[in-house]
Amino acid sequence: MAIAAANCCFSAVAFTGGRTTHSLFPDFRKRNSLSSVRNLFDNQNYIQIRGKPRKSLRKFAIENRIVIQKFQRKSRDENPLSNADSRSGRNKSGRSQSAASKSVGVQKKGNQEILVDLKDQQVETSNLQNASFLSAVVKVYCTHTAPDYSLPWQKQRQYTSTGSAFMIGDGKLLTNAHCVEYNTQVKVKRRGDDTKYVAKVLARGVECDIALLSVESKEFWEGTEPLHFGHLPNLQDSVTVVGYPLGGETISVSKGVVSRIEVTSYAHGSSELLGIQIDAAINPGNSGGPAFNDKGECIGVAFQVYRSDDVENIGYVIPSTVVSHFLEDYKRNEKYTGFPCLGVLLQKLENPALRACLNVPSNEGVLVRKVEPTSHASDVLKEGDVIVSFDNVRVGCEGTVPFRSSERIAFRYLISKKYTGDVAEIGIIRGGQYMKVEVTLNTRVHLVPYHIEGGEPSYLIVAGLVFTPLSEPLIEEECEDSIGLKLLTKARYSMPKFRGEQIVILSQVLANEVNIGYEDMSNEQVLKLNGTLIRNIHHLAHLVDFCKDKYLIFEFEDNFMVVLERESALASSKSVLKGYGIPSERSDDLLTPYADPVGQSEAVNQHEFGDTPVSNSEVGHDGILWA
């Protein structure tokens with residue numbers, strides 16, 4: 001059974017001591033929050049993956065599809081070359097974590113201070129030793145301190161990693177988002193220099209795996225020139241990857257060709273964006289490093305690889321179009337807002353009988369099977385609609401649109417070119433009638449998020465009962481087996497009914513005389529408090545604070561109940577916190593007043609909260625994809 005591995009391309013230097021470390025690559029330990037890929041892209045050998053850091057971090061081929069595999073890092077005393085073909089390398093001593101596939105591509109539009117003409121910098125790839133653009137590639141040293149999702153009031157042991165970055169002008173650098181994830185300190189060092197300079201992270205694009213850095217020191221920028229950016233390459237164009245991978249301390253150059261350009265799964269961000277597949281060697285530490293064409297123009301950033309027993313030499317580069325989107329987004333909003341989505345589940349219309357049944361006259365269009373309740377499309381599109389055009393571009397029956405002169409690409413590519421808040425004109429066939437509708441595009445809302453905004457998990461402790469929202473990093477730390485099949489099914493296949501909805505779980509019980517009989521409970525979803533269905537962790541804290549009843553009655557799945565005498569429970573909090581060395585009974589974000597995400601004017605059926613299922617058949621078979 002074929003197994004594929006998507007690995008981060010940055011190396012790490014571990015601290016000694018501390019907890020047992022599971023490592024991704026020999027010599028290097030790392031913690032990466034999540035390499036799961038939730039969305040299914042039918043034209044790729046990717047399927048969604050779920051981490052099991054305390055057990056085997058591997059997923060297996062299902063229905064002849066190849067799965068992305070997470071590898072544990074090895075300790076420093078093992079052979080450093082055994083997995084030299086992998087793309088990632090961070091190290092850390094601490095809890096095991098998954099490795100995320102990373103891609104890096106850079107292109108900037110409309111920024112005069114960053115985009116420069118490159119005619120004077122064209123260079124032969126056979127004579128790169130003294131090429132000036134190599135001096136724009138720097139080494140990144142990052143110290144990470146990741147949160148502990150199982151014990152959300154504390155952080156894990158810090159660890160360090162190294163990666164690559166490059167100058168884009170205006171005092172800024174680009175690198176991979178996974179290279180500076182959970183950063184507490186970032187330093188960069190120029191080629192041929194012994195001085196490390198402190199860098200600041202201005203923005204992190206999780207979906208596109210890009211981060212924007214700045215260095216305030218004027219000395220760092222003396223005598224430097226930013227990289228210049230080229231257009232999207234053609235197939236078989238030469239590509240040179242530059243960075244600071246394993247195997248030495250100096251800059252490294254590897255060469256290959258462009259093998260494929262299509263919508264690609266980005267493991268770090270659990271997203272699907274345009275990607276460039278190359279056959280140049282990408283090794284741990286290459287993350288964030290640029291890829292050049294024969295003219296010395298930067299056409300992207302190396303970020304992830306594909307590993308399988310059946311394939312070799314498959315690496316990925318984030319193209320300049322994706323980087324341009326990231327930079328323009330930051331310029332418009334002074335922060336990263338993300339890539340939007342349409343919010344519909346689609347099915348291909350390859351079968352002629354299916355098209356005839358839906359009154360689709362030609363060989364085109366995709367069927368709308370579901371519409372996410374949190375998307376604007378839910379007010380415009382209906383199940384059974386057939387999307388035949390997007391901004392006047394015809395959509396084929398396989399869900400593809402024209403790309404360049406003689407190629408076709410996934411329909412999602414057009415959506416990814418939009419910005420959050422943009423309006424798209426969509427041509428649909430509804431009941432045999434053609435019409436056009438307008439849909440406002442927004443970022444997708446996940447019931448169980450892959451990344452926590454701000455990096456700090458929320459928690460609430462009531463008489464030793466630890467409540468926290470379910471998230472993919474928490475599933476990763478706890479292992480899927482301990483979460484349970486029913487809860488995992490909700491996490492994988494349910495959609496939120498409104499923005500702000502969360503699955504709140506009882507993570508564990510800190511034993512105390514007030515909670516006798518409940519000590520063995522863990523990872524159970526709490527549904528109601530005193531008859532009121534819980535919308536999110538902040539809502540639960542609000543209900544506890546304003547409860548006047550004699551008892552606190554927590555209702556779980558299958559009518560299981562936990563009952564606490566309210567006054568005794570609240571009085572025991574101080575002793576529980578002191579006994580377990582916990583600084584506060586709740587996270588800082590729960591100290592602010594609660595704002596109802598639904599609103600008093602909106603009627604929402606409480607029985608439907610978190611209960612909009614997407615079945616296995618809807619995400620695991622041919623012709624079905626999220627847009």
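Me: Which residue in β19 is the bridge partner of Ser389?

Reply: In this predicted model, Arg394 of β19 is the bridge partner of Ser389.

Me: Why is β18 described as largely enclosed by the rest of the structure?

Reply: A residue is buried if its relative accessible area is under 20%. Five of the five residues of β18 (residues 386-390) are buried, so the strand is largely enclosed by the rest of the structure.

Me: Which other strands pair with β18, and how do you know that they do?

Reply: The cut-off is at least two bridges. β17 (residues 366-371) joins β18 over two antiparallel bridges, with Val366 partnered by Ile387. β22 (residues 423-430) is joined to β18 by four bridges, also antiparallel, and Ser389 stands opposite Gly427 there. Both strands therefore count as paired with β18.

Me: How do you know that β20 and β21 pair?

Reply: Four antiparallel bridges join β20 (residues 400-403) to β21 (residues 407-410), and at least two are needed, so the strands pair. Phe403 stands opposite Glu407. Three residues separate the strands of this hairpin, and Arg404 in the turn has a positive phi of about 55°.

Me: What is the mean pLDDT of the protein, and where does pLDDT stay under 50?

Reply: The mean is 79, and 74% of residues reach 70 or more. Values stay under 50 over residues 1-5 and over residues 13-126.

Key. Residues numbered from 1 in each chain as written. Predicted model: local features only at pLDDT ≥ 70, side-chain atom pairs only at ≥ 80, totals over all residues. Heavy atoms only, no water. pLDDT = per-residue confidence, 0-100. Contact = heavy atoms within 4.5 Å. Buried < 20%, exposed > 50% of the residue type's maximum accessible area, 1.4 Å probe, protein only.
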